[in-house]
Structures are given as C-alpha cells and as structure tokens.
Amino acid sequence: MSSEPAGWPTIVFPMGGKGERMGPIDVPTKALVSLPKAGVTLLEYCIRTWAIDFSRVVLLVPPQYDEIEEAVGKLGLDCEVRYSPDPFEKCGRTKALAGALENGSIDRDSLFIVNNPDD
C-alpha cells in the first residue's frame with residue numbers, strides 16, 4: 001500500500017487473551033474463535049475489516065502464537081504484519097501495548113490505532 005501518506009497509522013489488535021469475557025471457547029486464544037454468522041475467525045474478521053486501510057498490522061499475541069501466525073499466513077495479506085508476544089502471562093492490554101512499544105513492534109514516532117476485537 002505504497003500510496004499511503006507518510007505517517008499512515010498502524011492498526012493494533014490485542015489478541016493475547018483467552019477471551020474470558022466471551023464465555024467458554026474451544027480454542028487456545030480468542031483470536032481463533034469462530035464467528036458463525038461471518039464464517040471466519042475473530043482474527044480474520046478484524047484483519048479483513050481493517051487491514052485494507054493500513055499498511056501495517058500489529059498483533060499483540062500470547063507467548064505461544066504459532067497457530068495465530070499460521071492463520072495469518074493463510075490470509076495472503078497485502079500489508080506488513082508484526083507480532084508482539086505478551087511480555088508475561090496475563091499481562092493485560094496496557095502492558096502488552098507497552099511491550100510492543102518497547103520491543104519496536106509499534107513505531108514510537110508513528111500514529112497507531114488499537115482495536116479491541118472482543119469489545
């Protein structure tokens with residue numbers, strides 16, 4: 001998406017939680033919860049909805065995120081995807097976001113939008 005102006009925002013999705021507020025789920029992380037009416041996972045729905053307007057997507061993910069990375073790889077996205085593993089288990093969104101800024105997954109000098117997919 002090279003036609004975007006300099007400083008185009010990054011979209012950030014917190015996907016590290018287990019989705020306790022969503023009720024019982026049968027997958028290891030809320031990112032892989034199936035949305036029956038949409039026919040896709042929460043992860044795919046969020047990325048397909050937002051990634052078209054952004055050149056970079058940052059996923060705040062659990063420490064073990066192989067399944068999420070595999071699911072994203074199958075989407076054939078036309079944008080950069082970065083993964084920021086949570087700094088520790090059950091760290092919460094704020095600390096996960098701080099971790100992504102600290103590890104460089106989110107550029108400190110650019111705009112970013114955080115979309116909480118399960119809200």
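In which sense do strand 4 and strand 5 pair, and over how many bridges? They pair in the parallel sense, over six bridges. The model is predicted: local features need pLDDT of at least 70, side-chain atom pairs count only at pLDDT 80 or more, and totals for chains, interfaces and linings use all residues. Residues are numbered from 1 along each chain as its sequence is written, and side-chain values use heavy atoms, with hydrogens and water left out.

**View 1. Strand 4 and its partner strands.** Helices (H or I, at least four residues) and strands (E, at least two) are DSSP runs numbered from the N terminus; two strands pair if DSSP finds at least two bridges between them. Strand 1 runs parallel to strand 4 and is joined to strand 4 by four bridges. P14 stands opposite L60 of strand 4. Strand 4, helix 2 and strand 5 form a right-handed β-α-β unit (right-handed: with the strands pointing away from the viewer, the path from the first strand over the helix to the second runs clockwise).

**View 2. The two faces of strand 4.** In a regular strand the side chains alternate between the two faces of the sheet. R56, V58 and L60 lie on one side of strand 4, V57, L59 and V61 on the other, and all are buried (under 20% relative accessible area, with exposed over 50% and partly exposed in between; 1.4 Å probe, protein chains only).

**View 3. The largest nonpolar core.** A nonpolar core is a set of buried Ala, Val, Leu, Ile, Met, Phe, Trp, Tyr and Cys residues joined through side-chain atoms within 4.5 Å. The largest one has 19 residues, and F13, L43, I47, V57, L59 and I68 have the most contacts inside it. Strand 1 (10-14), helix 1 (42-50), strand 4 and helix 2 (66-73) each give two or more residues to this core. Helix 1 provides the largest share, four residues. Another core, of seven residues, lies apart from it and includes V12, L60, A100 and I106.

**View 4. Surroundings of F13.** Contact means heavy atoms within 4.5 Å. Leaving aside neighbours within four places in sequence, F13 is in contact with C46, I47, W50, V57, V58, L59, L60 and N115.

View 5. A96, G99 and A100 of helix 3 (residues 92-102) are buried. Seen down the helix axis, the buried residues of helix 3 fall within an arc of 100°, so they line one face (the arc is that of the directions from the helix axis to the C-beta atoms). These buried residues pack against strand 4 (56-61) and strand 5 (80-85). T94 and E102, on the other side of helix 3, are exposed. G104, with a positive phi near 85°, follows helix 3.
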